[in-house]
Amino acid sequence: MFFRKLFLPWTVSGCFETEDAFQTWLHRRWRVFTDLRMVVLAVAVLCLLAGYFTGRRPLMLLTIIPLALVLLLSVALARMEAALDGQNKSEQ
């Protein structure tokens, strides 16, 4: 259950006593994911710039990992926004 709450927060509405508690928790988790996405994107930009200015291609290739994380975080944020708006009531 811990990993499900950590990685799939929009699927754990049954763990909360009220819908308001779930919405509050989900909104806090959404803010954390948004901040994390910006940090990971900054790391990707720094790796790309460091690789470009030092002429080292392996550093430029390291940008793939943070960019993949940004993509995954963006998908998770979209799912959380749908849960916050109440659009996925039929899925639960």
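Mentor: A residue is called exposed when its relative accessible area is over 50%, and buried when that area is under 20%. The model here is a predicted one. Keep both points in mind as we go through it.

Trainee: Then let us begin with one residue. Is D85 buried or exposed?

Mentor: D85 has a relative accessible area of 58%, so D85 is exposed. The residue belongs to helix α4, which covers residues 64–85. Between the C-alpha atoms of D85 and Q23 there are 9.5 Å, although the two are 62 residues apart along the chain.

Trainee: What about T63, is that residue buried or exposed?

Mentor: The cut-off for buried is under 20%. T63 is buried because its relative accessible area is 9%. T63 sits in the loop between α3 (57–61) and α4. If residues up to four places away in sequence are not counted, T63 touches A44, C47 and L48. Among these, A44 and C47 are listed as buried residues of α2.

Trainee: How many helices and strands does the protein chain have?

Mentor: There are 4 helices and 0 strands. Read from the N terminus, the order of elements is α-α-α-α.

Trainee: How does one read the span of a helix, and what is the span of α2?

Mentor: Compare the distance between the end C-alpha atoms with the value expected at 1.5 Å a residue. Helix α2, residues 19–54, has 36 residues and reaches 52 Å from its first C-alpha to its last, close to the expected 52 Å. After α2 comes G55, with a positive phi near 75 degrees.

Trainee: Which residues of α2 are buried?

Mentor: The general idea comes first. An α-helix has 3.6 residues a turn, so residues three or four places apart point the same way. In α2 the buried residues are F22, Q23, W25, L26, F33, T34, V40, A44, C47 and G51.

Trainee: And which residues form the largest nonpolar core?

Mentor: In soluble globular proteins, nonpolar side chains tend to be buried together. Here the largest nonpolar core has 12 residues, namely W10, V12, F16, F22, W25, L26, F33, L73, A76, L77, M80 and A83. Helices α2 and α4 each supply at least two residues of this core. The most comes from α4, which gives 5 residues.

Trainee: What does R29 touch?

Mentor: R29 is in helix α2. With neighbours within four places in sequence left aside, R29 is in contact with K5, L6, P9 and M80. The C-alpha atoms of R29 and W10 are separated by 9.6 Å, and the two residues are 19 apart along the chain.

Trainee: Which residues form a nonpolar patch on the surface?

Mentor: The patch is formed by M38, L41, V45, L49, Y52, F53 and L67, which together have about 720 Å² of accessible area. Helix α2 gives the most to the patch, with 6 residues.

Trainee: What do the totals for the protein chain say?

Mentor: The protein chain has 92 residues, of which 26% count as buried. Its accessible surface comes to about 6,500 Å², and 67% of that belongs to carbon and sulfur atoms. For contacts between residues at least 6 apart in sequence, 51% join residues at least 24 apart.

Definitions and conventions: Residues numbered from 1 in each chain as written. Predicted model: local features only at pLDDT ≥ 70, side-chain atom pairs only at ≥ 80, totals over all residues. Heavy atoms only, no water. Expected span 1.5 Å × (residues − 1). Buried < 20%, exposed > 50% of the residue type's maximum accessible area, 1.4 Å probe, protein only. Core = buried A, V, L, I, M, F, W, Y, C linked by side-chain atoms within 4.5 Å. Contact = heavy atoms within 4.5 Å. Areas by Shrake-Rupley, 256 points an atom, 1.4 Å probe, with all protein chains shown as cover. Patch = residues over 30% accessible without salt bridge, like charges linked within 9 Å, V, L, I, M, F, W, Y side chains within 5 Å. Salt bridge = Lys/Arg side-chain N within 4 Å of Asp/Glu carboxyl O.
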